[in-house]
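Thanks, everyone. Let me put the model up on the screen.

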Amino acid sequence: MLGGCRRALPAALGRALRGRAAGQGGRAVSTSWCPVGTAFDVKQQQQQPLRGGAAGRDTGLFGVPELNCPEGFQEAQDKALQESEQLVQKACSTPPGPETVMIFDQLSDSLCRVADLADFVKVAHPDFAFREAAEEACRNIGTVVEKLNTDVELCQSLRRLLADETVLSSLDPETRRVAELFMFDFEISGIHLDEEKRKKAVELNVRILDLCNEFLIGTHIPNKIDKHVLPEHIRYNFTAEGNYLRIAGLHADCPDDLVREAAYKIFLHSNSQQLARLEELLVSRNSLAQLVGYDTFAHRALQGTMAKNPETVRQFLEKLSEQLSKRTQKDFEMMTKMKMKLNPHNSMLMPWDHPYYSGVLRAERYNIDPGLYCPFFSLGACMEGLNSLFSQLLGISLYAEQTKRGEIWSEDVRKLAVVHETEGLLGYIYCDFFQRPDKPHQDCHFTVRGGRLKENGEYQLPVVVLMLSLPNSARGAPTLLSPGMMENLFHEMGHAMHSMLGRTRYQHVTGTRCATDFAEVPSILMEYFANDYRVVNQFARHYKTGQPLPKNMVSRLCESKKVCAAADMQLQVFYAVLDQIYHGKHPLKKSTTEILKETQEKVYGLPYVPNTAWQLRFSHLVGYGAKYYSYLMSRAVASMVWKQCFAQNPFDRAMGERYRREMLAHGGGKEPMLMVQGMLQKSPSVEDFVDALVSDLDHDFETFIMDS
């Protein structure tokens, strides 16, 4: 999943250090770099903690001098706003030409350098004062951005460029696209409206930002219930607070049906305040879309994506649902039989049963016990595997780099330098991998600083954060990952490589700053590598014995994921359809809860539970509003790329270079479908997307033979 300010979206290496001289085409290897497989696996053994943390005052977060204390956000914000004022004046007085686009990108960069960084700090810093200061900076800069997007004089400077055919024809394709994207930002913000309506558009945008933050916070707030309401024998499953029990999640893995039922009904119980926030958010988004000339918010949100419009999304979801229906029904029948077997007194399959009984079926059919796999997946070994894969596929190595005092926000954060074998240093990845109090339990990629070609000819190196929620290691042992955690690590590292290799001239389109339904392709593609034995065999070793993970265990693990996978995918279709309806034609014909009930029973197939409101916990409505389908469409593209380009040889360097050249290198500087077409040598249809997803559900009979 992605995080960052422009895309409000809302998972190495231990080889011997290879010195490279600057004369070989890249920067010389720094003496502060070291192999990182060890750096991750010996976390608990460090006698001298890494320099950093809140006490540091030598530098600031991410090396930004102002951010050595919370108050520094005000200073950084003021500096960015002052710089942006000067750039606005410069843009308005510069004759039409390539320099106009460069000035606009500088303007974008000056604001994003603070807002992107603050976007991460506001959710992840352990110090409340830092989080609060970052939140304020995000809001203030967001407000300025909305005002700039309705600044008529600023827009006119860009319009003059785009209206000058002679100048326009002289621009290279990337510069022209970036100019058009900046104009698109003006248009969807209502630049063509009169002054009163432009002011209204700014007010709506600011209100939407506030509602998004409020709704997002509300999705995570636990519910409380008088402990006497629940049977005494299940109370211990929940956190006690006096006479109340605190329910903070769905307890989806709990074997007790009653615990899962109670958690589902209490955690998803409707909340009038959260409901009002969601309704106001949807109405405000629709009002903004219609104000600036779109039929619905979905039409506005899908401009520039692979899908392009809600009609294509609807067609994609309907065709996929149709193809899945028989398989999903079969999955539900299997789960129902398993429930009858384990609980004959209550055999009706309910929504809280799906994740649990699908897991039981996987474990029973393939003997998939995460505990058997974890010893082979130490964090250091997994990072070694990533390093080996990137080295063979893309000529890239990852090295741990010592941080300066105050640069990091927690002592267990690791900083990685990303180095190409001929091009040298490409950028930095900060790895915030471990659980801590108040840290969100979600896996995310954040752009902290985008790459761009600076005015002096140097390249501004990209900086990203990968945030995971891995358990802290036990003393004397490395951090051990479950197969799911390992796959999430590969997923998030896919986003990071997109950020490192999307070396565009303009930060406005750097790395993952691209269409949402394309942005997930590189990360999902990495999941295919994580599930290929040839890749896993290079790094999966028992941390005590050094024994490699047997091939049949990897095969069984991969096949187990196909058990009930149709029902899992159908659930994602339901979420995506619901998202489209909420952001479709307004006013909505029914309440959001009534729409949920109707859509769940029609698209998903399991009954709605009275008095619940799952949509109030659907945090992706914030970052992926009208674009939740992106996960499915991106998976379809990733599947096609894997099968056509890497299934035969996952280490094919020629294909790796083609992948970089056709897909990763452009960031958002090229139409997403053109990038897909360049990689696949064809433009896929909706039917191709559906076929790719459905074919992934087919079992590999070789595994059955091997296990029999």
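Predicted model: local features only at pLDDT ≥ 70, side-chain atom pairs only at ≥ 80, totals over all residues.

Residues are numbered from 1 along each chain as its sequence is written, and side-chain values use heavy atoms, without hydrogens or water.

An unreviewed UniProt entry lists residues 251-693 as "domain: Peptidase M3A/M3B catalytic". Such annotations may be inferred rather than shown by experiment. Over residues 251-693 the chain is 52% helix and 9% strand. Helices here are DSSP runs of H or I, at least four residues, and strands are E runs of at least two.

Pocket. The second largest pocket has a volume of about 770 Å³. Its lining has 23 residues, with R314, V577, Q580, I581 and T599 nearest its centre. A pocket is an open set of points on a 1 Å grid where a 1.4 Å probe fits, with protein on both sides within 12 Å along at least five of seven lines; lining residues have an atom within 4 Å of a point. The volume is the space filled by probe spheres set on the points.

Helix α26, residues 672-680. Of its 9 residues, 7 are buried, meaning under 20% relative accessible area with a 1.4 Å probe, protein chains only. Among them are P672, M673 and L680. Just after α26, Q681 takes a positive phi of about 65°.

Last, N343. Where does N343 lie? In the loop between α12 and α13. N343 counts as buried because its relative accessibility is 18%. Beyond neighbours within four places in sequence, N343 is in contact with D257 and Y357, that is, heavy atoms within 4.5 Å.

Conventions: Buried < 20%, exposed > 50% of the residue type's maximum accessible area, 1.4 Å probe, protein only.
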